[in-house]
Each structure stands twice: as C-alpha cells, then as structure tokens.
Amino acid sequence: MTFTSPDAADADSPLKAEELQVLRTQYENEGSYVGVQTKFNYAWGLIKSSSRNEQQEGVRLLSDIFRNAPERRRECLYYLALGNYKLGNYAEARRYNDLLLEHEPANLQASSLRDLIDDKVAKEGLMGVAILSGVAIAAGVVGGMLFRGAKRR
C-alpha cells in the first residue's frame, strides 16, 4: 500500500525492527502500570507496521486509550483512522477521520487521509460492480445455453 500524499507518507514507512522493539520493551516493562504515553507510542509504532497483526494490535491499544483517556482522544483519532484504513476497515476509518475533521477542519493529515479513504472506497466499489457484472453476464450466457438445450429436446 503506497501513500501518495506527503501528509500521510510517514504511515507507509514502518519503524525498523529495533525501533519497534524499544517501544515494545518499554510497554512490556511497565506491565499493568503502563502509562498512556507509553501505550500510545507503542500503538503508533504498531500502526506504522506492515504486519496486519501488529496493525490490529495498534488499533486495539488506541481504542483502549480512546475509551479510557478522554484527554487523549483527539490524538488517537488520526491514528485510529489510519490504522483502520490500512486494515481495510474503510467505514471505521472514515468515522474516526470525520470526527477529527469536525474538530480540526484545516488538519492537512486528516484531509489527505480522507482523500485516500474516498479513493480506495471508489476503486473497490468499481471492482465490486465489475465482478457482479461479470457474474451476471456469465449466468446469462449459461442460462441461455441451458434454455436453448431444453428447447431442442
């Protein structure tokens, strides 16, 4: 997945394994007393990952912060939108991104991400229409052949 906008470009470059490991170690060392900032940093690193499992874990951690730390919600919105976008959850991505844009209409990252989400939804929507059209045409051809075969008998 390649991001064309410079505003969302950092999401396409995962952290080096060693960098992510530093965040993971700090997160694990804090155990059940993990701080919100440590959790956020680790979630951010996971969202940037190219691993779907790590992205899912990042979204889970950010969702937890969003629910339990109201003072950090605004910070979570963009990365929740981005994580859901990378996972293909476009409706969720749009929901979080729209919430951010309601509060910050001039946010360039969120505007850029909105365009990426809209483009992806449009492309996948067109692909879905093309697939359904192809199936309908194939069913029509097969149905026509069966109808002609039944008529001949």
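**Charges over rings.** I looked up R95 and found its charged end over the ring of Y96, 4.6 Å from the ring centre. I used this rule: NZ of Lys or CZ of Arg within 6 Å of the ring centre and within 35 degrees of the ring normal. R73 has its charged end over the ring of F66, at 5.3 Å from the centre.

**Source.** I noted that this is a predicted model, in which local features need pLDDT of at least 70, side-chain atom pairs count only at pLDDT 80 or more, and totals for chains, interfaces and linings use all residues. Residues are numbered from 1 along each chain as its sequence is written, and side-chain values use heavy atoms, with hydrogens and water left out.

**Overall make-up.** I counted six helices and zero strands in the protein. Helices here are DSSP runs of H or I with at least four residues, strands are runs of E with at least two, and numbering starts at the N terminus. I then asked how much of the protein is buried, meaning under 20% relative accessible area, with exposed over 50% and partly exposed in between (1.4 Å probe, protein chains only). Buried residues are 35% of the 153 residues. For contacts (heavy atoms within 4.5 Å), I took pairs at least 6 apart in sequence, and 53% of these join residues at least 24 apart.

**Helix α5.** I checked the length of α5, residues 90–103: its 14 residues should span 20 Å at 1.5 Å a residue, and the end C-alpha atoms are 20 Å apart, which agrees. The expected span is 1.5 Å times one less than the number of residues. Which residues of α5 are buried? I listed Y90, A93, Y96, N97, L100 and L101. They cover an arc of only 140° around the axis, so they are on the same side of α5; the arc is that of the directions from the helix axis to the C-beta atoms. A91, E102 and H103, on the other side of α5, are exposed.

I found N89 in the loop between α4 (73–87) and α5. N89 counts as partly exposed because its relative accessibility is 34%. N89 and I117 are 28 residues apart in sequence, and their C-alpha atoms are 9.6 Å apart in space.

**Helix α3.** I looked at S63, which lies in α3 (residues 52–68). Is S63 buried or exposed? S63 is buried, because its relative accessible area is 16%. Leaving out residues up to four places away in sequence, S63 touches L80 and Y96. The buried residues of α3, S63 among them, pack against α1, α2, α4 and α5.

**Aromatic pairs.** I searched the whole structure and got five aromatic pairs. The pair Y78 and Y79 is edge-to-face, because the ring centres are 5.1 Å apart and the planes are at 80°. Rings of Phe, Tyr and Trp (its six-membered ring) pair if their centres lie within 6.5 Å; planes under 30 degrees apart are stacked, over 60 edge-to-face and the rest tilted. Y78 and Y79 are both buried. Ring pairs link F40 with Y78 and Y79 in a cluster.

**Nonpolar core.** I took a core as a set of buried Ala, Val, Leu, Ile, Met, Phe, Trp, Tyr and Cys residues joined through side-chain atoms within 4.5 Å. The largest one has 32 residues, and Y42, L62, C76, L80, Y85 and L113 have the most contacts inside it. At least two residues of this core come from each of α1 (17–30), α2 (36–48), α3, α4, α5 and α6 (108–152). Its largest share is from α4, with nine residues.
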